Amino acid sequence: FMWNTYIRGSSQSHDPVHAVALYAQMDQRSVKPDNFTFPFVLKACTKLFWVNTGSAVHGRVLRLGFGSNVVVRNTLLVFHAKCGDLKVATDIFDDSDKGDVVAWSALIAGYAQRGDLSVARKLFDEMPKRDLVSWNVMITAYTKHGEMECARRLFDEAPMKDIVSWNALIGGYVLRNLNREALELFDEMCGVGECPDEVTMLSLLSACADLGDLESGEKVHAKIIEMNKGKLSTLLGNALVDMYAKCGNIGKGVCVFWLIRDKDMVSWNSVIGGLAFHGHAEESLGLFREMQRTKVCPDEITFVGVLAACSHTGNVDEGNRYFYLMKNKYKIEPNIRHCGCVVDMLARAGLLKEAFDFIASMKIEPNAIVWRSLLGACKVHGDVELAKRANEQLLRMRGDQSGDYVLLSNVYASHGEWDGAENVRKLMDDNGVTKTRGSSFVEAYR
């Protein structure tokens with residue numbers, strides 16, 4: 001009993017490895033496992049995706065004669081369906097009681113997770129009696145594979161629904177960028193009296209952020225306050241900061257940030273990056289200095305925001321200092337976004353030659369965004385020769401972007417070099433590149 005208690009607790013924890021270790025110690029001390037031991041150990045193997053260990057446990061189940069126990073058999077079925085052998089799972093299912101809903105759901109989930117939705121649906125249709133779990137398994141399977149029409153149809157047919165059903169479909173819509181459908185389904189959910197949970201709200205905040213829909217985001221925020229009586233979890237707080245930043249109200253994002261009691265790296269990154277990309281560079285850098293006084297260690301995303309802030313302020317010395325701090329103190333290897341921020345910082349400050357030299361010293365291949373940033377700065381600062389060099393690199397990478405040609409043509413034109421501008425236009429025609437028409441997008445609110 002004591003061994004089983006410890007193994008069960010470990011299998012349900014975030015570190016299920018300990019459950020398998022305890023099972024091994026149990027064997028070393030000659031304590032025989034029983035029908036309660038094996039389900040806990042097998043659940044741990046399933047969580048860890050330890051196929052060989054789980055198969056060895058299966059062998060011992062059969063040797064000790066527990067293969068006919070319903071709970072043990074169903075746990076074995078779940079293990080093989082999720083991470084073992086689907087053929088073995090099917091054999092176990094064939095030996096099971098065909099009225100056992102758990103066995104049906106486990107096998108359906110196994111085929112669905114492996115991507116064989118046709119077999120999963122066939123099994124679902126053959127089920128003598130379907131419970132809520134089996135409906136949710138199929139709805140979730142369809143959403144994960146992007147078959148939203150099938151998921152919605154099954155959702156509407158389901159005789160009963162719980163929060164898992166609603167979350168599966170809402171989350172599926174958000175995953176497939178069908179964000180309006182997600183918000184409409186939430187309205188429907190509230191209309192039938194189903195209470196949302198944190199998972200629901202996280203999906204909805206992601207939908208609002210992707211749409212840039214501040215009005216809907218504020219409604220979701222109000223619902224979160226109502227649900228949690230003013231309290232805010234770290235996950236929801238981070239999602240709210242991100243949503244407000246992406247919807248253009250960074251001020252509200254900062255207010256939410258200060259309400260998060262247990263701020264983590266994501267909390268700091270969201271507000272530092274949000275402030276930087278909204279042009280509030282000094283506030284962004286001030287918060288970074290505040291972050292350095294906490295126990296939260298900055299990561300590569302933090303420094304993208306910090307370097308972007310330095311670029312906006314035009315403070316090259318501070319930007320260089322943070323770039324070297326990132327590499328030397330925090331041992332973060334610069335990626336293309338960090339390098340792009342440094343190039344942008346130097347170029348904005350008019351240090352075009354230094355920007356070119358920095359690109360030449362980069363350990364990673366510069367991308368088109370880096371060269372385009374430099375080309376734009378050459379236009380602002382009127383450096384025709386460097387603009388030509390930047391444009392050559394751009395055209396080597398991509399020759400079909402009309403904006404690259406137009407930008408260089410404008411550099412020539414701004415200096416009265418009309419022959420150069422005409423040659424660029426001719427090069428566009430020769431390469432079959434046409435200028436994209438200007439357009440605008442207006443969203444009307446009623």
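**A first look at the fold**

Guide: Among contacts (heavy atoms within 4.5 Å) with a separation of 6 or more, 59% join residues 24 or more positions apart. This is a predicted model, in which local features need pLDDT of at least 70 and side-chain atom pairs count only at pLDDT 80 or more, while totals for chains, interfaces and linings use all residues. Residues are numbered from 1 along each chain as its sequence is written, and side-chain values use heavy atoms, with hydrogens and water left out.

Visitor: How many helices and strands are there in the protein?
Guide: The protein has 26 helices and 0 strands. Both are DSSP runs numbered from the N terminus: helices are H or I with at least four residues, strands E with at least two.

Visitor: And what percentage of the residues count as buried?
Guide: The figure is 45% of the 446 residues. Buried means under 20% relative accessible area, exposed over 50%, and partly exposed in between, with a 1.4 Å probe and protein chains only.

Visitor: Which residues have the most contacts inside the largest nonpolar core?
Guide: They are Leu77 and Leu374, in a core of 131 residues. Helix α7 (residues 101-113) gives this core its largest share, 9 residues. A nonpolar core is a set of buried Ala, Val, Leu, Ile, Met, Phe, Trp, Tyr and Cys residues joined through side-chain atoms within 4.5 Å.

Visitor: What does leucine 77 touch?
Guide: Not counting residues up to four places away in sequence, leucine 77 touches Ala89, Ile92, Phe93, Ser96, Ala103, Ala106 and Leu107.

Visitor: Turning to the rings, how many aromatic pairs does the structure hold?
Guide: There are 13. Rings of Phe, Tyr and Trp (its six-membered ring) pair if their centres lie within 6.5 Å; planes under 30 degrees apart count as stacked, over 60 as edge-to-face and the rest as tilted. One of the pairs is tyrosine 23 with phenylalanine 38, edge-to-face at 6.3 Å centre to centre, with 65 degrees between the planes.

Visitor: Why does that pair tie together parts that are 15 residues apart in sequence?
Guide: Because tyrosine 23 lies in helix α2 (residues 17-28) and phenylalanine 38 in helix α3 (residues 37-48).

Visitor: Is phenylalanine 38 buried or exposed?
Guide: Phenylalanine 38 is buried, at 0% relative accessibility. Tyrosine 23 is also buried, with a relative accessible area of 10%.

Visitor: Which residues form one aromatic cluster?
Guide: Phe288, Phe303, Tyr322 and Tyr330 do.
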